[in-house]
Amino acid sequence: MSAVARMSAAETAHYDVVVIGAGVAGLYQVYRLREAGFKVKAFEAGSAVGGTWYWNRYPGARFDSEAEIYQYWFSKDMYAQWKPTERFPAQPETEAWLNHVADLHDLRKHYSFSTRVTAAHYDETAKRWTVNTDQGDTVTAQFFVSCGGMLSAPLENRFPGQVTFKGRVFHTARWPKEAIDFTGKTVGVVGTGATGIQVIQTIAPMVGQLKAFVRTPQYIIPMNNPKYSEADWAKKSEGFEALKARVQSTFSGFEYDFANGSWHDHTPEQRRAIYEHYWKDGSLALWLSGFPEVFSEEEASKDISAFVREKMSERLNHDPDLIAKLVPQDSDYGFGTHRVPLESKYLETYLRPNVTVVDCRESAIERVVPNGVQMKNGTVHEVDILILATGFDAGTGALTRIDIRGRGGRSLKDDWGRDIRTAMGLGVHGYPNLFTTAAPLAPSAALCNMTTCLQQQVDWISDCLIALRAKGKNEIEATKEFEDAWVKHHDETANATLIVKTDSWYMGSNIEGKPRRLLSYCGGVGVYRGKCEEVAAKGYEGFAIS
Ligand code: NA7
């Protein structure tokens, strides 16, 4: 009997479903299950709702999805109420919006906040999960749904010696609620992914000196972020139904989709005109709706990469030193083979006299020392404040940081430590009655507009639980054969792209020893949705139900 199961029954509350997370997915999951009459208990490690938008309150945080599609689709009235003030709103607005959603639907009462789930063990006889938290709770539930996010396990202790640093060290995903005064300070920022870029471009004018530690330069797209008036939003709200239908069928869950035919059917001049058109649009459309061949064919990839490099070099005033440090080279990797950040004057930031680049390819970071960052070649870059924009244990980390035990006590951490597998990202063989969102091998693990993909998964899970209840069934588990077939299909789809050749968190390669597999299913959001619906329509074919 596990330690969890030995807890006194008197202390244990019993539920139909335990949900982790109060972000975009968790709030909607709790709403759907509560509305369907399930007894739900939810836990959230943060002190309030918001998920990603609670934790990532670093300077400059905002999303790269347009406000009109970074949305919930279950209430047109609610959609009309938000009234975002710009095309790509900043974190405080999104956090406020999620708080509004929680209040509007009275969702907070289902949550224990500041409570992290530490263990979840499946009892094969009772067919129930026993869930433990760091606050001493023990509850049981028939079903356990993770809405813990795909980028919620930050890589905080990245360098030896961090504890010896005499200033403050912040990971961007653990940013404090109080304002940080950067005035006159020398600030080091490690990392130039989507997060580091937002931080660097935002704080450069506030700090004394900024030292950006750059290892892999990024292809970027300049964000076009016009303000939205209330009248603009009222007009957009009229398109609610059409947009709702649209985002569910596109490749990436955004409004835009591939619409230019084949890259091969255009002359170089025509291609250039198309690139220019999307570049000016200032959204991810250049990446996600230009040409599909950009993801799969070297020639197309090299062509668009050269276009972006040219644009970037112009903005760096053709300075060869800055170009060498900040613009990816042809041999590095192709545009869009990992996440393309939108930015606002990020490159121009490096033209400021108070900003310097520390090239981590010339000499890698060795350790943090009391007064700064020491490189392998012995150089110490002195800083007063150190910001780690060093990313996450993506896709798997939210679940492997919990002691999850399935059949026969098998450990999800151990299983995924050997091989990252799921059944459509919705469940894992060997872990009955566990449902996952934002888990590997579904679009929601990386390559998609998150609100679209998360809601689709939450709807699928909710409908599945309703169907099981209607049939009087109490256990469901993906079969080994079904999971094998999905993993095979996923790998075939992934291996047809250039993404698998590039190192990044998409491939798990930002973490030493993590099994290499593309986290996101990249067959397309609409295709994935169709496959999920087919499984449900066939009575959850591929899942053993009893
Ligand atoms: P990312 O995209 O994983 O970026 C992490 C950054 O940190 C990246 O530039 C890394 O360089 C850098 N890094 C990590 N370790 C080191 C060391 N040891 N030395 C130097 N640089 C290092 O995380 P983000 O938070 O920016 O973005 C995650 C997602 O959030 C993003 O894709 C959006 O979907 C939203 P590397 O590339 O490994 O050379």
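Hi everyone, let's start at the ligand: one of its oxygen atoms sits 2.9 Å from a backbone N or O atom of Thr-192. Please keep in mind that this is a predicted model.

In total, 18 residues surround the ligand, and the closest are Thr-192, Thr-195, Arg-215, Thr-216 and Trp-505. Arg-215 uses its side chain, with a polar atom 2.8 Å from a ligand oxygen. Ala-389 comes in through the backbone instead, where a polar atom is 3.3 Å from an oxygen of the ligand.

Now to the helices. Two packed helices are described by the angle between their axes and the distance between the axes. Take helix 1, residues 24–35, and helix 15, residues 450–471: their angle is about 30 degrees and their axes are 9 Å apart. Angles under 35 degrees count as roughly parallel, so helix 1 is roughly parallel to helix 15. The crossing of this pair is right-handed. On the helix 1 side, the contact includes Tyr-28 and Arg-32, and on the helix 15 side, Leu-454 and Asp-459 are among the residues involved. By type, the contact residues of these two helices split into 9 nonpolar, 4 polar and 3 charged.

How are helix 8 and helix 10 oriented to each other? Helix 8, residues 268–281, packs on helix 10, residues 298–315, at about 55 degrees, with 11 Å between the axes. The two are therefore oblique to each other, and they too cross in a right-handed way.

Terms used. Residues are numbered from 1 along each chain as its sequence is written. This is a predicted model: local features need pLDDT of at least 70, side-chain atom pairs count only at pLDDT 80 or more; totals for chains, interfaces and linings use all residues. Side-chain values use heavy atoms; hydrogens and water are left out. Axes are lines fitted to C-alpha atoms, for helices over the stretch in contact, and angles run from 0 to 180 degrees between N-to-C directions. Helices (H or I, at least four residues) and strands (E, at least two) are DSSP runs, numbered from the N terminus. Angles under 35 degrees count as roughly parallel, over 145 as roughly antiparallel, 65 to 115 as roughly perpendicular and the rest as oblique. A crossing is left-handed if the near helix is turned anticlockwise from the far one by less than a right angle, and right-handed if clockwise. A residue is near a molecule or strand if one of its heavy atoms lies within 4 Å of it. A polar contact is a pair of N or O atoms within 3.5 Å; within protein, one must be able to donate a hydrogen and the other to accept it, and residues adjacent in sequence count only if both atoms are side-chain atoms. Contact means heavy atoms within 4.5 Å. Ala, Val, Leu, Ile, Met, Phe, Trp, Tyr, Cys and Pro count as nonpolar, Asp, Glu, Lys and Arg as charged, and the others, Gly among them, as polar.
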